[in-house]
Amino acid sequence: MQSMGDYYSAVQLRSDRWSALREKLDQLEREPEGRRSKQLRTEAAALFEALEVIERYWAFPGVSAFDHMRRQFDHGLIEEVAFAARRVTRGLGTGAYRRRHIPLERGSLDEEQEEEALLPPEARALTKPYFEVLIVDDVNEHQERWLKANMTSMRRPEDAFIYEPVVVPSLKDALIGILFNYNIQAIVVRPGLRLESDVDLPILTRYLNRAGGEERIEDIPPEDYGPELCRLIARVRPELDAYLVTDRSVEDIAGLDLGICRRVFYNQEDFMELHLNILRGVQSRFKTPFFTALVEYSKQPTGVFHAMPISRGKSISRSHWIQDMGAFYGPNIFLAETSATSGGLDSLLEPTGPIKKAQEYAARAFGSKQTFFATNGTSTCNKIVVQALVRPGDIVLIDRDCHKSHHYGMVLAGAQVRYLDSYPLNEYSMYGAVPLREIKHQLLKLKAAGKLDKVRMLLLTNCTFDGIVYNVERVMEECLAIKPDLIFLWDEAWFAFARFGPTYRQRTGMNAANVLRERLRSPEHAKAHARQAEKLVDADEATLLKTRLIPPPTARVRVYTTQSTHKTLTALRQGSMIHVNDQDFKGEVEQSFHEAYMTHTSTSPNYQIIASLDVGRRQVELEGFEFVQRQVEAAMAMRRAISTHPLLKKYFKVLAAGDMIPEEFRESGVESYYDPDQGWTDIWECWEKDEFVLDATRVTLAVGGTGWDGDTFKTQVLMDKYGIQINKTSRNTVLFMTNIGTTRSSVAYLIEVLVEIAKELDDRLDDASKMERLAFDRRVRNLMQDLPPLPDFSQFHPAFCADAETGEGDIRSAFFLSYDENKCDYLELEGGIEKEMDKGRAVVSASFIIPYPPGFPILVPGQVVSREILAFMRALDVNEIHGYRAELGLRVFTEDALASQMTKLATAAE
């Protein structure tokens, strides 16, 4: 039996413990007096003991049923308890307990044997959704049965949902329960709760750190246990509903922060009112305004006398040649396809009905003040935000290795671009993220040059493609201390799921914005800022760089995030969202944002994409916590399996935090989330403190030890041979991304494939000749040791940079100057460019040069080509370099064009 330390998640521990218990009991049932029966009884007893502390937090099978099973085992009734264990394990595995009562007595009939996953979608859609309600009250066994009976007796046939109550006695139990039991949707906090839990188990108490830590919790006075629990729940599971039952006066309660509490009941046992409020709370998250409107529209008889022959499927049903399309997609997608904005539908450009409501619900779910849907991807979202906020001549600080849409957004907006360099990971041919020290340095340099008023925005990618996550709150806090009205755009294209994991949420743009807004209003913060301001009078840059700066209370929190919802949550391709938390949005930005939104949003948006965004929001508000938890579990299991497998370690290496984040940025000292000797690390501390952390759901695998480069391993091995699809590679790595749809089976298949590859390599090398072995070792050395250093951004040419000291460049002028072919030339990569450099010529790129991988520009229009960039381009071993034409060479500006541009710049300066 694996130890507790082998499990990252208590949920996975529970599932595996039940499976192991069923297996032991089945063996005992077959051979009750066999030679291993004594050992099996000992192991089964240990499993019962391990499950005892876990089952109190779940409604199925329930504490009473579990205790009964344990008594049966103690009395030697192996056949009875084995039967019950099989029923429980099957019920948990199939989710059948959500649909019906499952009898555990031997000889009882289980009316419905089919697994829920095997039912057709239509049948599953008809079942009432199931959830559990956590009641927090220190009651005896009789009182607990009375509470549960009163709650369940309130059920009515017309109820839209069905729930089962779970009773725990203490505040700590409640916090463990909501972080452990993903079925919980509501919490009823009663006056009798106590503070301490009877449970003392590291894997469970680990969860308390995410709710503020044990020390902070133990400082709560007894009279505030109930209200404080509501507030603590809001911190870790803000999507839940809480109901406070209290005997305190209205005046005492009114001044307290009740977090997610929807209603206070004053010491009354009105179970029907409580029941109706619980259902209403869940219903508010279950609603999908636009999806529901679209479904209703599809049912209406309609005569189509407008665009779209495909509407209602008429052009398909009447066809003799495209019936296969209708058969493949089915009728509903065509019944719901229309260009109409009436009939109960809405306009994405000017929403007043169900789309408006759907966006408001999305704002609630993601913690924003405003949310806007987009049906043409986050590339468009990025350009909308940049165009709405950045004016020609504004300075934007932007990480150089961001998505190409940001670079094009800078062109469209006419920004003065100051690129920021990320720390390099030369060993793996990838970049990390931009250190806070570099950001502060550039802001302070601009301040010293008298240009701080022109600095408009800081634009960063969080998390990066490779999974590096910023300390968002700290970045914004320190930047606002230098420029109090700085706007932040966080590209969270790969991070939409993070809102629904308590550990991950703290590093999202919207959560950090809400935390900062609250902190800036507090008197404690004003005092802290005043003390620091006095201390830092006349401080030099070196002092400011090493000091954690505190923003003034007058700082404005202005935060935007763009998310590719379709990448990490349930939505159709190109379904994306813009989230806004800007204190000046209403007064300063709303009109320009509307114009930018109109500019880039289609007048014929895809209604199916909008509906999928609406439904995806419903899903994450009701089960996002569960799905993200399972996603992280799958990734952690993958990391552990590869790291500990003796054969896989010969050829592969899973890159840990210590490999991808330099030590100076890891204050916690955590190098790996899993250690074979010590088990899992509690990652909460590093996520709370470190400058950068690693998103564990993005598993980077070093494959150079196989002799294959990343692109070859991706295409010729994983895809062509085994049908495994991945996206990102570097010279010697491949990236596996888990998502909310990743299953344990898919992880197991991947491990099987990697083992098979490793065995084939073993066999091939075992039979290899001396020369073949030397050739293999040379390939590995080239991939793992002889790697070209990653180049930093060089500089903009003076023709496009008015101030070399601060370094911001006019990328728009360079971009459009290249439209004139007479002002451009081509130089060959091999020899031609270097010859010109040797003559003293500044070779300046006329276009974006984007190699795939890594997928970001190594050159932008107006940038000087350095020898380091040239060496890197020569060493690249990739199939795609966008913007580079191998038959012609690198597109550069002519010397005459640069001279003419410099003359224009000088004239404009005068």
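A nonpolar patch here is made of residues with over 30% relative accessible area and no salt bridge, with nonpolar side chains joined within 5 Å. Welcome to this predicted model, where one such patch is formed on the surface by Trp321, Ile322, Met325, Phe328, Tyr329 and Ile333.

**The surface patch**
- Together, the six residues of the patch have about 710 Å² of accessible area.
- Helix H15 (residues 323-329) gives the largest share of the patch, 3 residues.
- Phe328 is found in H15, and this residue counts as exposed because its relative accessible area is 66%.

**Helix H32**
- Helix H32 (residues 710-722) has 13 residues, yet its end C-alpha atoms are only 16 Å apart, short of the 18 Å that a straight helix would reach.
- At the start of H32, a side-chain oxygen of Asp709 comes to within 3.0 Å of the backbone nitrogen of Asp711.
- Among the buried residues of H32 are Phe713, Val717, Leu718 and Tyr722; the buried residues pack against strand S21 (733-737) and helix H33 (744-766).
- Just after H32, Gly723 takes a positive phi of about 70°.

**Salt bridges**
- The structure holds 58 salt bridges.
- Lys728 and Asp466 meet in one of them, at 3.0 Å from N to O. This pair links distant parts of the chain, 262 residues apart, and both residues are buried.
- Lys586 forms a salt bridge with Glu590, and both lie in helix H27 (residues 585-600), about one turn of the helix apart.
- Arg391, Asp394, Arg456, Arg556, Arg558, Asp582, Asp584 and Glu588 are linked in a salt-bridge network.

Notes:
Residues are numbered from 1 along each chain as its sequence is written. This is a predicted model: local features need pLDDT of at least 70, side-chain atom pairs count only at pLDDT 80 or more; totals for chains, interfaces and linings use all residues. Side-chain values use heavy atoms; hydrogens and water are left out. Patches are made of residues with over 30% relative accessible area and no salt bridge: like charges are joined within 9 Å, nonpolar side chains (Val, Leu, Ile, Met, Phe, Trp, Tyr) within 5 Å. Accessible areas come from the Shrake-Rupley method with a 1.4 Å probe; for residues, only the protein chains shown count as cover. A salt bridge is a side-chain nitrogen of Lys or Arg within 4 Å of a carboxyl oxygen of Asp or Glu. Helices (H or I, at least four residues) and strands (E, at least two) are DSSP runs, numbered from the N terminus. Buried means under 20% relative accessible area, exposed over 50%, partly exposed in between (1.4 Å probe, protein chains only). The expected span of a helix is 1.5 Å times one less than its number of residues. Contact means heavy atoms within 4.5 Å. A polar contact is a pair of N or O atoms within 3.5 Å; within protein, one must be able to donate a hydrogen and the other to accept it, and residues adjacent in sequence count only if both atoms are side-chain atoms.
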